[in-house]
Amino acid sequence: MKIQLTLISAACSVALLNACSIFSGQPDSANQQDNQNNTAVSLYGTLEPFAQEAVYFALTDRFVDADKSNNYPKQGKDWGNGQWGTFDRLLAGPNGQSANVGYLGGDFKGVLNNAEYIANLGFTSVWLTPIWDNPDYAFNGGETITFDGGYKDGGKTGYHGYWAHNFYQPDEHLVSTDLSFREFSAGLKQHNLKFVLDIVANHGSPAYSMPEAMPQYGKIYDATGNLLADHQNLHPTKLDKNNPLHQFYNTHTGLAQLSDIDENNPSAFEYLTDAYLYWIAQGVDAIRIDTIREMPHHFWYRVSKKIRQHYPDMFMFGESYNYDASFIAQHTYPQNGGVSVLDFPGRASITQTFENKNASYADIVSYLHLTDEVYANPYELMTFYDNHDMPRMNADDNGFIDANNWLFTSRGIPVIYYGSEINFMTGKAEHQGNRNYFGQQNIEIAKTHPIASQLKRIADVRKNSIALQRGLQLNIEFSQETAAFYRIYQHQGEHQTALVLLNKSDYVQKVKLNKLQNLAIWRNAFDQQRVDLTKRKDWLFELQPHSVQVYLLDESLTNSNLVEKARKMQR
């Protein structure tokens with residue numbers, strides 16, 4: 001579609017879904033060189049195949065209960081005084097608020113029944129919390145958890161999956177008689193969804209401080225149910241390394257009262273990695289590593305080496321809960337395992353920008369690390385703005401729309417936490433309702449929710465653009481309310497450049513670009529109409545409030561200045 005110099009038509013507003021452009025001036029041929037040198041230049045952020053993914057993350061138990069038969073509402077009540085049942089352990093808060101630390105019924109079937117919903121939002125992968133077996137009782141040790149409580153485990157259950165006592169058995173609350181994990185994973189793939197397995201190595205279940213020792217807690221069983229390790233309700237400093245049942249564990253404290261697995265014990269290493277391979281063989285496409293910072297680099301080097309001996313292309317990313325880029329980047333180096341990480345510094349910048357109306361877009365670029373080589377490759381980081389361990393983003397609906405527009409166009413692999421598509425439990429921390437049950441009713445609400453609608457719109461564009469998935473990010477103009485940048489991919493005869501324009505304000509904004517223009521016929525990524533950008537003095541774009549524009553060029557760049565600038569960024 002050619003847009004005339006002096007007019008922004010009403011038809012343009014409709015056709016471009018609130019995105020219009022004005023282009024003025026005369027052609028400038030000085031920097032437009034249609035030559036073989038530019039065509040042959042390889043420019044990309046990453047060649048990692050998993051970079052094409054967009055990941056939907058859910059706590060399985062809190063997503064959708066589609067099988068009541070695996071809820072086990074009486075589980076755990078047959079022990080002690082009957083107060084350690086695992087189902088529906090409410091934490092009541094003020095003004096009708098609540099959280100819950102018991103199982104609430106979500107299962108594999110609930111996810112699979114809504115696989116089409118997840119795929120229709122534009123996602124291509126599903127990451128669920130750990131799938132293996134957790135204790136059948138609420139924990140009677142530690143400090144008692146309360147609503148809005150902090151670092152306390154007393155009275156909690158392993159509904160989240162991170163308290164495994166058998167790494168080979170699926171948790172009985174997740175599988176159904178007619179749906180095993182293997183069948184679940186295969187079912188996802190029928191909807192073109194990959195599965196991300198969440199693995200734990202740092203710890204098992206809570207292991208000590210119990211007034212009376214409980215079954216399963218502090219124990220680890222093998223695939224056939226034989227006891228391999230038992231903390232025996234002893235403080236770590238009381239463990240005896242000469243006792244075979246204690247050898248899996250460290251003799252120092254770790255996180256809370258969790259059993260802290262000895263990273264130097266060969267039997268523990270083989271047990272864990274063999275368990276990972278057991279599940280991978282059943283349909284796992286990528287791996288998320290819990291609490292990666294709690295185990296030394298040499299351990300993860302050995303883990304990744306063993307996994308990649310069997311699955312050379314397995315993509316892995318770790319949770320190193322730290323906002324220092326130089327710290328979390330260590331995990332990405334080959335000598336430390338060569339895995340990606342969740343971008344916690346990015347999370348801080350993203351929430352600062354989109355929670356606060358007065359924040360400047362110009363401040364968001366600091367976390368990108370596009371040229372300083374802090375990370376092995378910043379384009380392979382998992383980008384996000386909230387998850388299950390921190391408060392959800394505290395923004396209005398427009399803030400979520402703006403955050404998603406940024407997340408799905410800027411560098412990195414986007415991860416969205418369940419419920420964010422409808423601004424679920426806004427700003428709530430873990431024990432304030434962050435992990436509350438979502439349910440089928442909210443999924444139906446999401447199908448017409450403005451956040452979900454705009455999320456689908458930009459996610460679909462990314463899903464069909466190799467430039468947005470893998471391209472170099474070359475920033476052009478960042479101001480208080482707007483951002484403009486390129487994503488450039490040129491490699492082995494495939495060429496695509498995306499021009500991205502963002503407006504996070506409540507008002508129409510005009511963005512003028514007068515440098516690094518590549519004069520060509522581009523196309524609008526949303527409606528596929530041709531857009532004539534062959535004339536140049538200024539490119540002037542008009543952006544509606546809380547909007548994104550993406551223009552694609554499916555040919556090699558001809559502006560030698562632009563190519564040279566991108567070439568200097570190429571790793």
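User: Leaving aside neighbours within four places in sequence, which residues is Leu499 in contact with?

Analyst: They are Ile476, Phe485, Tyr486, Leu513, Trp522, Trp539, Phe541, Gln549, Val550 and Tyr551, where contact means heavy atoms within 4.5 Å. This is a predicted model, in which local features need pLDDT of at least 70 and side-chain atom pairs count only at pLDDT 80 or more, while totals for chains, interfaces and linings use all residues. Residues are numbered from 1 along each chain as its sequence is written, and side-chain values use heavy atoms, with hydrogens and water left out.

User: What makes the set of 157 residues a nonpolar core?

Analyst: A nonpolar core joins buried Ala, Val, Leu, Ile, Met, Phe, Trp, Tyr and Cys residues through side-chain atoms within 4.5 Å, buried being under 20% relative accessible area (1.4 Å probe, protein chains only). The 157 residues form the largest such core, and Leu499, Tyr486 and Val550 are among those with the most contacts inside it. Helix H6 (residues 266-280) gives the largest share, nine residues; helices are DSSP runs of H or I, at least four residues, numbered from the N terminus.

User: Which residues of H6 and H7 meet?

Analyst: Among them are Phe269, Leu272 and Tyr276 in H6, and Phe299, Val303 and Ile307 in H7.

Methods:
Buried < 20%, exposed > 50% of the residue type's maximum accessible area, 1.4 Å probe, protein only. Helix = DSSP H or I, 4+ residues; strand = E, 2+ residues; numbered from the N terminus.
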